[in-house]
Amino acid sequence: MDRLIKVAVDAMGGDNAPAEIVKGAVEAVNESTKIKVILVGDEAAVKGELAKYSYDKERIEVVHASEIITNNEHPVEAVRKKKDASTVVAQKLVRTGDADAFVSAGSTGAVLVGGQLLIGKIKGVERAPLAPVIPTEKGVSLLIDCGANVDARPSHLVQFAKMGTIYMENVIGRKNPTVAIVNVGAEEEKGNQLVRDTMPLLKECKDINFIGSIEAREIPHGGADIIVCEAFTGNVILKLYEGVASTLLGRVKQTLKSSLKTKIGALFVKDALKNMAKEFDSSEYGGAPMLGLKGLVIKSHGSSKAKDIRICILKCIAFVENDVTGKISEHIKE
């Protein structure tokens, strides 16, 4: 692929905008020659941050947007009324083909609504899920959906499994990934009505490698490559996952500093602990892609720093080069 992959970035979205967003964009451009970043936001503020860095001026463009959508605003109303908001302007660039992908650490609601209304779903896709990669004992798994569709139907979950399979194969590089549905037990008769109704549909689906139910405790062990659930369950799993990881790592650090003996011991295991902490650092995996849209949307944490934004931008390369959108379109039927 010879042409540059164009990534529109919401420069005003998130707790640390625009400074960390701009820094992350510069780092991404300096790391890969395959991308061009379009920073969308207050032109003066963005250019003021860009002036701090050295980079290829041909591969970072600034598009002015005079408004910002905050987390306190109603997403649908904000997207419709604030036509010049950075999130809206950036997603319109994807809709018109002036950008291949969109990255934002801003309002999740606005990103989700904008993805549906401004970029639009692929024909045949019923719902577009958020699908973050989470660390496991065996590497990573894809959690789909984690926040976009709290009232899903069985047909939605089947499509999530299909789209997740395409993403894992083409972006993460996991061939024939296993798929499991979150349940309260391994037995088929267990679970709520949604799970019981979805199970036979997943078993019949020839496009996926379905292995049955998975209990929450098996997720960190890498019990399946793709974890399918509706968004309420997925969001609870994700937030608990992050909270437990943060708590455990914090307690380990605190314990190692508790006495002279443990401080000395810490010197011998410091590198190993750093590697372990890196494995459970969500910023190492970029944001959550919103699958099933006509263009790529990646939602990053609201507290994202430059590292998070850089990884999100670079993640767009494999997605676009492997034509994940086109492959999802081919495999999803109305």
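## Arg174 and Asp225

Arg174 is partly exposed, with a relative accessible area of 23%. The model described here is predicted. Arg174 forms a salt bridge with Asp225, and the closest N and O atoms of the pair are 2.5 Å apart. Arg174 lies in the loop between helix H6 (154–172) and strand S7 (178–182), while Asp225 lies in the loop between strand S8 (209–214) and strand S9 (226–228), so the pair ties together parts that are 51 residues apart in sequence. Asp225 is buried, with a relative accessible area of 15%.

## Other salt bridges

How many salt bridges are there? The count comes to 13. One of them joins Lys52 and Glu49, with 2.9 Å between the closest N and O atoms. Lys52 counts as exposed because its relative accessibility is 56%, over the 50% cut-off. Glu49, at 14%, counts as buried because this value is under 20%.

Lys82 and Glu73 form another salt bridge, in which the closest N and O atoms are 3.0 Å apart. Glu73 has 24% relative accessibility and counts as partly exposed. Salt bridges also link Glu27, Glu31 and Arg310 in a network.

## Overall build

The protein has 11 helices and 11 strands. Its C-alpha trace spans about 65 × 60 × 40 Å along the principal axes. A compact globule of 334 residues would have a radius of gyration near 20 Å, and the protein has 20 Å, which agrees.

Of the 334 residues, 51% count as buried. The accessible surface comes to about 15600 Å², and 51% of this area belongs to carbon and sulfur atoms. Among contacts between residues at least 6 apart in sequence, 72% join residues at least 24 apart.

In soluble globular proteins, nonpolar side chains tend to be buried together. The largest nonpolar core here has 64 residues, of which Val37, Leu39, Leu50 and Ile313 touch the most other members. Helix H6 gives the most to this core, with 9 residues. A second, separate core has 33 residues, including Ala99, Ile134, Cys146 and Tyr241.

Which residues does Val37 touch, not counting residues up to four places away in sequence? They are Val7, Val9, Ala25, Val29, Arg59, Ile60, Glu61 and Ile313.

Helix H11 covers residues 324–331, and its buried residues are Val324, Thr325, Gly326 and Ile328. These buried residues pack against H6 and against helix H10 (306–321).

Asp323 is placed in the loop between H10 and H11. Its relative accessibility is 42%, and Asp323 therefore counts as partly exposed. The phi of Asp323 is near 50°, a positive value in a residue other than glycine.

## Other backbone features

Most residues other than glycine have a negative phi, and most peptide bonds are trans.

The bond from Ala17 to Pro18 is cis, with omega near -5°, and Pro18 is in the loop between strand S1 (5–10) and helix H1 (19–31). The bond from Ile144 to Asp145 is also cis, with omega near 15°. Asp145 is in the loop between strand S6 (139–144) and H6.

## A buried loop residue and a surface patch

Is Ser107 buried or exposed? Ser107 counts as buried because its relative accessibility is 7%, under the 20% cut-off. Ser107 lies in the loop between strand S4 (101–104) and helix H5 (108–119). Leaving aside neighbours within four places in sequence, Ser107 is in contact with Ile69, Thr70, Asn71 and Lys299. Ser107 and Ile68 are 39 residues apart in sequence, and their C-alpha atoms are 9.5 Å apart in space.

Phe268, by contrast, is exposed, with a relative accessible area of 73%. Phe268 lies in helix H9 (residues 260–279). Together with Leu260, Ile264, Leu267 and Val269, Phe268 makes a nonpolar surface patch of about 570 Å².

Definitions and conventions:
Residues are numbered from 1 along each chain as its sequence is written. This is a predicted model: local features need pLDDT of at least 70, side-chain atom pairs count only at pLDDT 80 or more; totals for chains, interfaces and linings use all residues. Side-chain values use heavy atoms; hydrogens and water are left out. Helices (H or I, at least four residues) and strands (E, at least two) are DSSP runs, numbered from the N terminus. Buried means under 20% relative accessible area, exposed over 50%, partly exposed in between (1.4 Å probe, protein chains only). Contact means heavy atoms within 4.5 Å. Patches are made of residues with over 30% relative accessible area and no salt bridge: like charges are joined within 9 Å, nonpolar side chains (Val, Leu, Ile, Met, Phe, Trp, Tyr) within 5 Å. Accessible areas come from the Shrake-Rupley method with a 1.4 Å probe; for residues, only the protein chains shown count as cover. A salt bridge is a side-chain nitrogen of Lys or Arg within 4 Å of a carboxyl oxygen of Asp or Glu. The radius of gyration is taken over C-alpha atoms; the globule rule is 2.2 Å times the number of residues to the power 0.38. A nonpolar core is a set of buried Ala, Val, Leu, Ile, Met, Phe, Trp, Tyr and Cys residues joined through side-chain atoms within 4.5 Å.
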